Amino acid sequence: MLIAGCGVNTIPTKDEAAKAQWAEVQNQYQRRADLIPNLVETVKGYATQEREVLTQVTEARASATQVKVDASTITDPAAFEKYAAAQDQLSGVLGRLMMIQERYPDLKSNQNFMALQSQLEGTENRIAIARRDYNAAVQSYNTEIRTFPGALWAGTVHRWAKPMQTFAANAAAQSAPNVSFGAPAAPAPAAANAQ
């Protein structure tokens, strides 16, 4: 009872807490690696859908307005047919736009890009918080094995206890992931264990 009360279990407890915090850092890196490519593909999909339909509407409208209409159009079967075909094409594309609008009421790529930006920011914030919490756990552990009475236990009962490294990102890890709407991003390399 006396040994348990004097801190002999503090070092293993703090060791496990630091390891759990490091696992959370790795978890957030994995979340980013899994989430970002999926979000980018979703935004690209919405943007492509919207771009294709709006391009078709623009082209059909341009085609419909290029047909000259005057009083003689209703008496000239060829001109009337050409005008009707252009209008039918525009009606068809507008019908498709309305169908897509009903199926996807949030047909606004800008909102999707804003959501992507928000998710990127949130993901980077989660990683920063996980790093901070890991560094705090490591600081607590390192302080315990270097100060009295923890240093006594670290030198006798817990000889395995070695100082842990705090998180120190390399230059590449300090920058946010590169998001490209051209080609899918390459998966991020797995973070090395900092212990």
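E124 and R32 form a salt bridge, in which the closest N and O atoms lie 2.9 Å apart. A salt bridge here is a side-chain nitrogen of Lys or Arg within 4 Å of a carboxyl oxygen of Asp or Glu. Helices are DSSP runs of H or I with at least four residues, numbered from the N terminus. R32 counts as buried because its relative accessibility is 13%, whereas E124, at 23%, counts as partly exposed. Buried means under 20% relative accessible area, exposed means over 50%, and partly exposed lies in between, using a 1.4 Å probe and protein chains only.

The model is predicted, so local features need pLDDT of at least 70 and side-chain atom pairs count only at pLDDT 80 or more, while totals for chains, interfaces and linings use all residues. Residues are numbered from 1 along each chain as its sequence is written, and side-chain values use heavy atoms, without hydrogens and water.

How many salt bridges does a search of the whole structure find? The search finds 3. One of them joins D15 to K19, with the closest N and O atoms 3.1 Å apart. Both residues lie in helix α2 (residues 10-66), 4 residues apart, which is about one turn of the helix. D15 is buried, at 6% relative accessibility, and K19 is partly exposed, at 34%.

Another salt bridge pairs R132 with D133, whose closest N and O atoms are 3.2 Å apart. R132 is exposed because its relative accessible area is 52%; D133, at 28% relative accessibility, is partly exposed.

Key: Helix = DSSP H or I, 4+ residues; strand = E, 2+ residues; numbered from the N terminus.
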